[in-house]
Amino acid sequence: MQVRLPDGYNLNVEEVGSGFPLIVLHGGPGMDHSMFRPYLDPLGDDYRVLYVDERGQGRSERVDPARLSLEVFARDVDLLAEALGLDEFALYGHSFGAIIATWHATELGTAAAYVISGGGDESAELMKDVEASLEAMGEAGKAIAASWEDEQTVQTEEELLALSRTQMPFHFHGEPPPGYGDDTVGSPEVLRHFASAGYGDFDYRPKLAAVDKPTLVIVGEHDRTTTPRAARVLHAGIPGSKLVIVADAGHMSFVEQTEPYLVRVREFLAGALERS
């Protein structure tokens with residue numbers, strides 16, 4: 001459904017289930033919510049899952065990427081809650097979505113609880129982790145490294161999806177499911193903009209101690225992108241947060257280990273929302 005935000009923007013939101021609202025932010029940038037489905041759909045048994053195509057991406061209204069930022073994406077969460085009349089909501093973000101969710105947690109803090117899945121602590125440290133992971137892959141990492149450079153000049157949706165397919169072995173510990181990502185509605189102009197601008201240029205470390213909402217930090221054991229190192233920094237910095245490292249999973253932990261992943265997310269949300 002297209003939701004008209006209070007600022008007049010049309011945001012695409014797909015809804016599954018009923019119950020306490022759980023707003024879900026996808027990775028990227030330049031991707032869409034289809035990365036989560038059907039893997040997170042079972043959360044709809046307990047929650048009103050609201051999959052968001054972030055501003056300028058997926059089936060949401062296109063905008064000038066120069067007007068986009070982590071702050072804009074994070075504030076859209078509150079605009080969405082206002083548009084839907086939500087008095088309370090939990091916020092889930094994965095990868096780039098987790099980076100947005102962490103901005104929201106440190107600057108706005110209006111969610112009842114946060115799930116930071118495959119998050120980052122600081123943009124330069126994230127890139128160091130990626131570079132070290134690529135080097136460890138040897139020859140196999142060279143084409144993937146080149147694809148990251150090519151993000152800065154990507155022009156078409158077809159080129160974006162080709163880059164995504166090249167990067168799949170980096171993001172998965174095992175084999176990706178056949179056809180994974182083929183349904184993505186890509187936004188090459190958004191990817192190109194953020195790839196050229198440091199993917200948001202963030203450093204959350206000084207602000208983590210101010211987060212006062214229940215927070216789950218969850219990461220794949222073999223995540224080469226948003227690594228367990230980064231997850232431990234987030235966990236150490238956010239008071240009372242929970243840390244879960246998903247065994248035998250890479251960056252796409254909810255795909256590779258769906259059942260154990262969902263068990264831990266459900267356990268966290270049930271406890272956190274009961275307290276709220």
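Predicted model: local features only at pLDDT ≥ 70, side-chain atom pairs only at ≥ 80, totals over all residues.

Me: Which residue in β2 does V3 stand opposite?

Reply: That would be L11.

Me: And what's going on with G8 in the hairpin of β1 and β2?

Reply: The hairpin has five residues between its strands, and G8 takes a positive phi near 90 degrees there.

Me: Which strand pairs with β2 over five bridges?

Reply: That is strand β4, residues 47-53, and the pairing with β2 is antiparallel. If you want a spot to look at, find V16, which stands opposite V49 in β4.

Me: Where do the side chains of a regular strand point, in general?

Reply: They alternate between the two faces of the sheet.

Me: Where does P29 lie?

Reply: P29 lies in the loop between β3, residues 20-25, and β4. P38 also has its place in the loop between β3 and β4.

Me: Is S95 buried or exposed?

Reply: S95 is buried, because its relative accessible area is 11% and buried means under 20%.

Me: What about phi at D248?

Reply: D248 is not a glycine either, and its phi is positive, near 55 degrees. D248 lies in the loop between β8, residues 242-246, and α8, residues 253-256. With a relative accessible area of 46%, D248 is partly exposed.

Me: Let's do charges. How many salt bridges does the structure hold?

Reply: The structure holds 14 salt bridges. As background, side chains of opposite charge can pair when their charged atoms come close.

Me: Which residue does R55 form a salt bridge with?

Reply: R55 forms a salt bridge with D7, and the closest N and O atoms are 2.7 Å apart. R55 lies in the loop between β4 and α1, residues 70-84, while D7 lies in the loop between β1 and β2, so the pair ties together parts that are 48 residues apart in sequence.

Me: How accessible are those two, R55 and D7?

Reply: R55 counts as buried, at 8% relative accessibility. D7 is partly exposed, with a relative accessible area of 45%.

Me: How far apart are the closest N and O atoms of E125 and K128?

Reply: They are 3.4 Å apart, and E125 forms a salt bridge with K128. Because E125 and K128 are three residues apart in helix α3, residues 123-136, they are separated by about one helical turn.

Me: Which residue does R229 pair with in a salt bridge?

Reply: R229 forms a salt bridge with D129, with the closest N and O atoms 2.9 Å apart. The pair links distant parts of the chain: R229 is in helix α7, residues 228-237, and D129 is in helix α3, 100 residues apart. R229 counts as partly exposed at 28% relative accessibility, whereas D129 counts as buried at 13%.

Me: Last one! Which residues form the negative surface patch?

Reply: The patch is formed by E149, D150, E158 and E159. Helices α4, residues 140-150, and α5, residues 157-171, each supply at least two residues of the negative patch.

Me: What about D150, where is its place?

Reply: D150 has its place in helix α4. D150 is partly exposed, with a relative accessible area of 39%.

Note on methods. Residues numbered from 1 in each chain as written. Heavy atoms only, no water. Pairing = 2+ DSSP bridges. Helix = DSSP H or I, 4+ residues; strand = E, 2+ residues; numbered from the N terminus. Patch = residues over 30% accessible without salt bridge, like charges linked within 9 Å, V, L, I, M, F, W, Y side chains within 5 Å. Areas by Shrake-Rupley, 256 points an atom, 1.4 Å probe, with all protein chains shown as cover. Salt bridge = Lys/Arg side-chain N within 4 Å of Asp/Glu carboxyl O. Lys, Arg positive; Asp, Glu negative; His and termini not counted. Charge placed at Lys NZ, Arg CZ, Asp CG, Glu CD. Buried < 20%, exposed > 50% of the residue type's maximum accessible area, 1.4 Å probe, protein only.
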